[in-house]
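Please look at the sequence and the structure below, and keep both in view while you read this briefing.

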Amino acid sequence: MLPHRNRNPARLPIPPLARSGEGRSYRRNAGCGSPHHRPPALNLTPVSVARSFERRLERLLEGAVGRVFSGRIHPAEIAGKLAREADFARFEHHTGPATANAYTLLVHPRDLTVDTEDLAAHLVDELTGYAADEGLRLEGPVTVTIEASREVAPGQVICHVEVQPGEAVSWAKLVSSEESLALSPNRVLVGRSPSADVTIDHDDVSRRHALIWRQRGRVWVRDLGSANGTFVDSARVGARPVSVGHGSVLAFSAHQYRLLEV
């Protein structure tokens, strides 16, 4: 067994929605108008998204890092397994669409020819990028483990997925004169509640105040019906998402923060 990341023993099962196909909507989100960009038009079907991701994985696996397996396993088979599992594992989190973050590939011992660490690292990067591109929340860092198992027939690949809680790497931060708040999940709930991803402990901030996420190479924010409003560069934000950029000033009620991508 050659794990690429430390594995957290606390694991969560994939919720039922992940296997039912529900919660995988690709509807267009309505924009908020000038001066901010409208959210990206998600006019791809789930099948086309999965196939596009599968082709990216296949190109990766056909490269040098893909030669860790014997000739009995074709790169397309591994790519297909991972892409389908990443798509099937989607479920609805209270912040929006989410997916699994822990992947285990099982192959027969004779089908592993060299160390798998480099391949696992590349697959981690691809799966992390896929979640960010699709705006999917991850409950922890992506991990990929490639294991040899004699319970798997030669030439076959089995893929298991899990929701594995853990501390993800920050992709942005909210900075004020008093504090710096890290944004780690792809979809971040901001509010007064201690259970929020980012807690702003002021009475004029609602318990569930706003949502910030990244998707299609942009950062988006929308208000969650807060009592005192969410503002981007002094413009009030409603329920319709608006795009924000590096250096934008976000205010939750009267509390201002500058968004800095890292």
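In helix H3, the residues Pro75, Ile78, Ala79, Gly80, Leu82, Ala83, Glu85, Ala86 and Asp87 are buried, where buried means under 20% relative accessible area with a 1.4 Å probe and protein chains only. Helices are DSSP runs of H or I with at least four residues, and strands are runs of E with at least two, numbered from the N terminus. This is a predicted model, in which local features need pLDDT of at least 70, side-chain atom pairs count only at pLDDT 80 or more, and totals for chains, interfaces and linings use all residues. Residues are numbered from 1 along each chain as its sequence is written, and side-chain values use heavy atoms, with hydrogens and water left out.

**H3 and its neighbour**
- The axes of H3 (residues 75-88) and H4 (residues 117-134), which are lines fitted to C-alpha atoms over the stretch in contact, come within 12 Å and cross at roughly 35°.
- Leu82, Ala86 and Asp87 of H3 meet Leu123, Leu127 and Tyr130 of H4 in this contact, which is defined by heavy atoms within 4.5 Å.

**The nonpolar core**
- A nonpolar core is a set of buried Ala, Val, Leu, Ile, Met, Phe, Trp, Tyr and Cys residues joined through side-chain atoms within 4.5 Å; the largest has 32 residues, and Leu82 and Tyr103 have the most contacts inside it.
- H4 gives the most to this core, with 7 residues.
- Leu82 touches Leu57, Tyr103, Leu105, Leu123, Leu127 and Cys159, when residues up to four places away in sequence are not counted.

Conventions. Axes are lines fitted to C-alpha atoms, for helices over the stretch in contact, and angles run from 0 to 180 degrees between N-to-C directions. Buried means under 20% relative accessible area, exposed over 50%, partly exposed in between (1.4 Å probe, protein chains only).
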